[in-house]
Amino acid sequence: MEEEKSKDNAKLDLKSITEQHACFDKNWILQLNKQESIRDIICLICKQVANNPMEINCHQHKNMDESLIVGENCLNQFISQNPNSCPIGPHDNCLYFQNRMAKRYINELDVICSRQFEQQLQISTQQGYEEGEISEIVNCDFKGKVKQMNDHLEHSCCLQMVKCWFGSFGCNHKCLKSAIHDHLTSNMKLHFDLVIKSFDELQQKIQQYQVLLFIHDFNKKKKYVHFEKK
């Protein structure tokens, strides 16, 4: 049961940092890296750190010394809105390829937990927090590589939000994954009552169906007997 609930909660959780496809927030990357270390991997479209970096390789730009890096999602969006155009200069038939070296470099950058970074931003503006709640906030101390972020967010992040296991019975509670067991143990009666209510409603539906089935069979037999008399 716990395994099934974990699968359901994974679907409800926010998409992991690399599944979002958008380029990485450079302020998040700069938490553990210097400005000069990301200078050559900035997406030329959104000005963030390129996710799935693509390199523009049009012959019109062959004399440029810098690497023309863009995030794959940014490039796809640009091309869909500007067919046959190039994000670097005004010409048709943009040529590009995946820069695997840049991708490996970005994957090896040190980062803090992306949820922790988002929480820090919210705290700095106090968005979503009532006065006095900040001292009770749970913090994630993860530090690792960009390539490790997906696994961390899915399996070990203490800031992962999950729904109550009894959500299908009517409990709408959501909390940190680390607090779900406390919720379950402290609300046993509530969950029991929800299950009983759901069971009673199911019983009523079954009884209604049985009555309708009986009426249907009765009418069918009645028509048959009427036909036989004729």
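Helices (DSSP runs of H or I, at least four residues) and strands (runs of E, at least two) are numbered from the N terminus. By this definition, the protein chain has 8 helices and 7 strands. The model is predicted: local features need pLDDT of at least 70, side-chain atom pairs count only at pLDDT 80 or more, and totals for chains, interfaces and linings use all residues. Residues are numbered from 1 along each chain as its sequence is written, and side-chain values use heavy atoms, leaving out hydrogens and water.

Of the 230 residues in the protein chain, 30% are buried, where buried means under 20% relative accessible area, exposed over 50%, and partly exposed in between (1.4 Å probe, protein chains only).

A nonpolar core is a set of buried Ala, Val, Leu, Ile, Met, Phe, Trp, Tyr and Cys residues joined through side-chain atoms within 4.5 Å. Two such cores are listed below.

| Core | Size | Residues, among them |
|---|---|---|
| Largest nonpolar core | 21 residues | Phe24, Trp28, Ile29 and Val49 |
| Second, separate core | 13 residues | Cys58, Ile69, Leu75 and Cys94 |

In the largest core, the four residues named have the most contacts inside it. The elements α2 (26-29), β4 (110-112) and α6 (149-155) each give two or more residues to this core. Domain 1 (6-108) and domain 2 (111-126 + 135-159) both contribute residues, so the core lies between them; the domain bounds come from an automatic or database domain assignment.

Leaving aside neighbours within four places in sequence, valine 49 is in contact (heavy atoms within 4.5 Å) with residues including Phe24, Ile29 and Ile106.

Elsewhere, valine 211 is placed in helix α8 (residues 188-229) and is partly exposed, with a relative accessible area of 47%.
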